[in-house]
Protein chains: 4
Amino acid sequence: MGKKRGQKYEAIIDAAVKVIAANGYHHSQVSKIAKEASVADGTIYLYFKNKEDILISLFEEKMGQFVQKSKEKLDKEVSIEKKLFMLIEMHLMQLEEDHNLAIVTQLELRQSNKQLRNKINEVLRDYLGLIDSILVDGVKEGVFPASLNARFARQVIFGAIDEVVTNWVMKEHKYELVPLAKPLHDMLLNGLKK
Amino acid sequence: MGKKRGQKYEAIIDAAVKVIAANGYHHSQVSKIAKEASVADGTIYLYFKNKEDILISLFEEKMGQFVQKSKEKLDKEVSIEKKLFMLIEMHLMQLEEDHNLAIVTQLELRQSNKQLRNKINEVLRDYLGLIDSILVDGVKEGVFPASLNARFARQVIFGAIDEVVTNWVMKEHKYELVPLAKPLHDMLLNGLKK
Amino acid sequence: MGKKRGQKYEAIIDAAVKVIAANGYHHSQVSKIAKEASVADGTIYLYFKNKEDILISLFEEKMGQFVQKSKEKLDKEVSIEKKLFMLIEMHLMQLEEDHNLAIVTQLELRQSNKQLRNKINEVLRDYLGLIDSILVDGVKEGVFPASLNARFARQVIFGAIDEVVTNWVMKEHKYELVPLAKPLHDMLLNGLKK
Amino acid sequence: MGKKRGQKYEAIIDAAVKVIAANGYHHSQVSKIAKEASVADGTIYLYFKNKEDILISLFEEKMGQFVQKSKEKLDKEVSIEKKLFMLIEMHLMQLEEDHNLAIVTQLELRQSNKQLRNKINEVLRDYLGLIDSILVDGVKEGVFPASLNARFARQVIFGAIDEVVTNWVMKEHKYELVPLAKPLHDMLLNGLKK
DNA sequence: CATGAATGAGTCTTCATTCAT
DNA sequence: TATGAATGAAGACTCATTCAT
């Protein structure tokens, strides 16, 4: 497996996002993904160990970009409050920009066995670390109380954002997502402060 | 289908929870559930339309009890703040009481197709309505600002609680869940109040 | 697996012999065997663990009968010489009676991996034991010299008979096999006696 | 196809023997043989028509040398008895010298379809002719009775030697093979004479 | 001559569901 | 109601072979 890189690799990942978003993971046969990517079935296996590996790689690839972009944005901000806002907005923005990806991350990717779920959590760790760092810095700077349990607060933040996105996906993207960044930020910041 | 009622009906539901928690959704064959319930494979189909129907019924049954118990508790409280606390605590308590059920609701039940997921959301609506009513009453009583978007706030609340429970399940119930009710309540109430 | 017994079990074994003899092991798809046996593909797996297990079971079943019949015949003889003749004749006779089985045992069954081959040798052990007992008795009775290495002699005997049968199969049963019992017996007995 | 000759041709044959002996025929993919031979997969097809052709060529090549060497040895002998002994000893010796080749000829090469088996028999014909000539000469010289059926006797001889070698391979070469030449010779010569 | 990325036909096995008893 | 033997559709994966470079 010459994994990672190569336009075929990218093509298969993109095809997978499209096919899985449209049909759901369990109705996304490897042959369907191959067809969408305009490669032979067997070619898939030159780039991925098995079907599950497509899913993992997809998540790694997309989540990597996701975290990268978020980081870049955050680095330009100094205020903790704005950093938190930026994080929320970027989260909503990036998923709103790619409806298919949103469907896959919010719905289809959860349809997985314990093993895959652990893999996903591993990948997710980077992003959660990003939230943590904001919280820790916030405590240092006195924006959040010293008593704040960062790990716990991070769960609340992530859970809230995630649920808002999931609802948006479930409602079939009927409304705009990014404008929800402000009320989300208000509520979370308020909840954390004092 | 003589659906609903009959001890075999209950036995199959309980067997399903046990088997799915132990083996994961995709390794929980109908025959395995039948064996655990001490009935023949075919008997399953006298009580359930198909395999998916077991899942839906399981969720209806357990969620029905869940909501019922929560309602009863909440009715005994008058203060909005305490109602919200009660809701959170009951949520955590009931899932902590039944580890298998927690695994099924937090992890395995999400491994489903769009159709089943819609069914689940239908069932969930009752519970979300419970949260809504607290929020609406809170606005009326002036505990929450009139500007509060109940639907949105409910997503934040549910998302936060849900994520906390999911984390607990993923960490294999290594710590106690109910004590997290207080910090959760503090944070959420704070976030809502303003 | 309710293995062993049941007319379906027998039907599948017999179908397998027929299909494998006609098409060769590697072109005998499970579905082809199922069709020949007039059962569904899945039914095969109620009686056999996997495709290879059909082959093993086939050999166990047929070889069991083969050895059983040979034993019964041998028990009726007292003279060592005649016992050896009976063994050879029965060997040739039983395979001549069932051309398909002969093809399978002489050709197709050898197309197997080390693991299966060991299984086959296990099954074969009974038959080789039969040869051994004749040789040991022969030494006791003074028909064969005390210096006779039974294990070695058995290999020579089995190898000779086996090769004669294989040649007959390769020549597509163009001539009669049983008449070869006498010259085979002459040669082997002569070779052993000294 | 520039078949026959070229060091790559030899390298591929030798790689095939090694790989097949180590992994068994069915786990010896063309790519594995190519790797072992340090050539590209496609290069195989410059020297061999297809995978099966590797096997046939392997057998032709090795068997050719085998027969050649045996012939040379036999030509130095005049006595029929010694010729038979030489043949047996050379057979055992050459296979004992190359364990991998022995595995391939005794076990893996039998895992083939009818077509390939016929090809192999064709190649084998030369060797069987060698045995025949000893028998025919033996009859002429009066060492064997005029009634001897050479074709039949050859099967017995070949079957006996072959089985002895196969047993040795199956027992994973735990004992020495060449010393069995004498008892084999004794037994076979005795059986033929009279 | 040599390469090796790409192809795609081919098949074993699982398991939800049925139905004769 | 209850049984469980039987069904058969469906799909991931392998690997011999090709061909553009």
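Let's start with one side chain: that of B:Glu108 comes within 2.9 Å of the backbone nitrogen of B:Tyr25. The model is predicted, with local features needing pLDDT of at least 70, side-chain atom pairs counting only at pLDDT 80 or more, and totals for chains, interfaces and linings using all residues. Residues are numbered from 1 along each chain as its sequence is written, chains are lettered from A in the order in which they are written, and side-chain values use heavy atoms, without hydrogens and water.

B:Glu108 sits in the loop between helix 6 (99-106) and helix 7 (114-140) of chain B, helices being DSSP runs of H or I with at least four residues, numbered from the N terminus. Its relative accessibility is 3%, so B:Glu108 counts as buried (under 20% relative accessible area, with a 1.4 Å probe and protein chains only). Beyond neighbours within four places in sequence, B:Glu108 is in contact with A:Arg117, B:Ile20, B:Gly24, B:Tyr25 and B:Ile103 (contact means heavy atoms within 4.5 Å).

Finally, turn to chains C and D. A rotation of 180° with 0.1 Å of shift along its axis superposes chain C on chain D, with RMSD 0.2 Å, so the two copies are related as by a two-fold rotation axis. The superposition is by least squares on the C-alpha atoms of residues with pLDDT of at least 70 in both. Because 91% of the interface residues of chain C are also interface residues in chain D, the copies meet through the same surface.

Technical notes. Helix = DSSP H or I, 4+ residues; strand = E, 2+ residues; numbered from the N terminus. Buried < 20%, exposed > 50% of the residue type's maximum accessible area, 1.4 Å probe, protein only. Polar contact = N/O pair within 3.5 Å; in protein donor to acceptor, adjacent residues only side chain to side chain.
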